[in-house]
Amino acid sequence: MNAHEACVFYFSGDIAMNIIRTDRLSLIQREKVCRLLEECRNGENAAPFFPLEDGDLFYLLFMDTKELACAAALSFFADPAVSYAECTAFTRPDLRRNGYFSALFERLSQDIEDMDLYFPVSAPCEGTLAALASLEAVHDRDEYKMELELDKTDKKEGAKAGAEETGDRTAKPAASGRLGVRWEDMGDGSFLLSFYLKKGKERPCPSSLRAGSCCLFFSSDSACFYGFEIKESLRGQGLGKEALLLTLSLLEGGLPVPGCKRISLHVSGLNTAAVSLYRKAGFQISEILSYYLY
């Protein structure tokens, strides 16, 4: 879409409202949205998430006093089956139940007439649930953020000592498991880990022995674990658990990046097998993101 901005004026009783639609927030608009998010902070929790950088369309509702009353963002997605959008929206707490969000949503809905629309909600308050109910949005699914504090006692240093790192970026762990792993530095803190089935003394990772892969993104002393998969023909044999534990063992042993103290991941609540696997490995749910379908 080309960057543009459009304004629409509404009246609710004696209150004038100005709705701005844009695909790029100005510096002043960003500052106003950030102040709104701070006002929406719930207790001691961090300010709620708003896709300032990644949103595709933004909607800002200003009162006649030029105060920002409500802000929303649309993010568009497409997969082979369907196109859909996600909406993130917040109204200033002291201005809720005054029709501001309804007016904003009326304008926003013109851009998603033929799309499924999801509202991602973290720790919904009574007002948020009431607004979703007024739109007849229904709970669709939950996604979990799960975290694990890694062993800080260096008891797993043996994982590093028992691994042989070669010039082709390959780590060969102790021979007790069925899997070996090699990693590739993708740059910008990202690593691709490839798991392979061991077979005698063969060199690691021939394509016929590939078992799966995952990705790690390192930031400060934390790692984000994502893109985890086991080859379809090898599923149901416990290799997913072995691959996950092997990854944790490497991290605790200082590989492929030293100093990692915690690891996090995101998983759909519908994927009960994966949630169970991560729980058994010691991960705990730290945040629940609920999706409501409009």
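A residue is termed buried when its relative accessible area is under 20%, exposed when it is over 50%, and partly exposed in between. In the predicted model described here, glutamate 53 is exposed, with a relative accessible area of 62%. Of the 294 residues of the protein chain, 41% count as buried. The accessible surface of the chain amounts to about 16300 Å², and carbon and sulfur atoms contribute 50% of this area.

The fold of the protein chain comprises six helices and 15 strands. Among contacts between residues at least 6 apart in sequence, 58% join residues that are at least 24 apart.

The largest nonpolar core contains 36 residues, and Leu193, Phe225, Ile263, Val267, Tyr278 and Phe283 have the most contacts inside it. Two or more residues of this core are supplied by each of the strands β7 (138–149), β10 (179–187), β11 (190–197), β12 (210–219), β13 (222–230) and β14 (262–268), and by the helices α5 (239–252) and α6 (272–280). The greatest contribution to this core is that of α5, with seven residues. When neighbours within four places in sequence are set aside, isoleucine 263 is in contact with Met146, Glu147, Leu148, Leu150, Leu216, Ala223, Phe225, Leu248, Leu251 and Phe283. Another core, of 27 residues, lies apart from the largest one and includes Leu74, Tyr100, Leu135 and Ala137.

Charged side chains were examined next. Side chains of opposite charge can pair when their charged atoms come close. In this model, the count comes to 13 salt bridges. One of these joins arginine 21 to aspartate 111, with an N to O distance of 3.0 Å. Arginine 21 belongs to strand β2 (residues 15–22) and aspartate 111 to the loop between α2 (100–108) and β6 (116–122), so the pair ties together parts that are 90 residues apart in sequence. Arginine 21 is buried, at a relative accessible area of 10%, whereas aspartate 111 is partly exposed, at 23%.

A salt bridge is also formed by glutamate 53 and arginine 30, whose closest N and O atoms are 3.1 Å apart. Here the distant parts of the chain that are linked are the loop between α1 (27–39) and β3 (57–63), which holds glutamate 53, and helix α1, which holds arginine 30; the two residues are 23 apart. Arginine 30 is partly exposed, with a relative accessible area of 24%, while glutamate 53 is exposed.

Helix α1 also carries glutamate 39, which is linked to arginine 92 in the loop between β5 (83–91) and α2, 53 residues apart. The side chains of glutamate 39 and arginine 92 meet in a salt bridge with an N to O distance of 3.8 Å. Glutamate 39 counts as partly exposed, at 42% relative accessibility, and arginine 92 is buried, with a relative accessible area of 11%. Both residues take part in a network of salt bridges that links Glu39, Glu67, Arg92 and Asp94.

The largest pocket has a volume of about 1500 Å³. Its lining consists of 49 residues, of which Ala89, Phe90, Pro120, Val121 and Ser122 lie nearest the centre of the pocket. Two or more lining residues come from each of β4 (68–78), β5, α2, β6, α3 (126–134), β7 and β15 (284–293).

Notes:
Residues numbered from 1 in each chain as written. Predicted model: local features only at pLDDT ≥ 70, side-chain atom pairs only at ≥ 80, totals over all residues. Heavy atoms only, no water. Core = buried A, V, L, I, M, F, W, Y, C linked by side-chain atoms within 4.5 Å. Buried < 20%, exposed > 50% of the residue type's maximum accessible area, 1.4 Å probe, protein only. Helix = DSSP H or I, 4+ residues; strand = E, 2+ residues; numbered from the N terminus. Contact = heavy atoms within 4.5 Å. Areas by Shrake-Rupley, 256 points an atom, 1.4 Å probe, with all protein chains shown as cover. Salt bridge = Lys/Arg side-chain N within 4 Å of Asp/Glu carboxyl O. 1 Å grid on protein atoms, 1.4 Å probe; cavity = no way out; pocket = protein on both sides within 12 Å on 5 of 7 lines; lining within 4 Å. Points joined across faces, edges and corners; volume = space filled by probe spheres on them.
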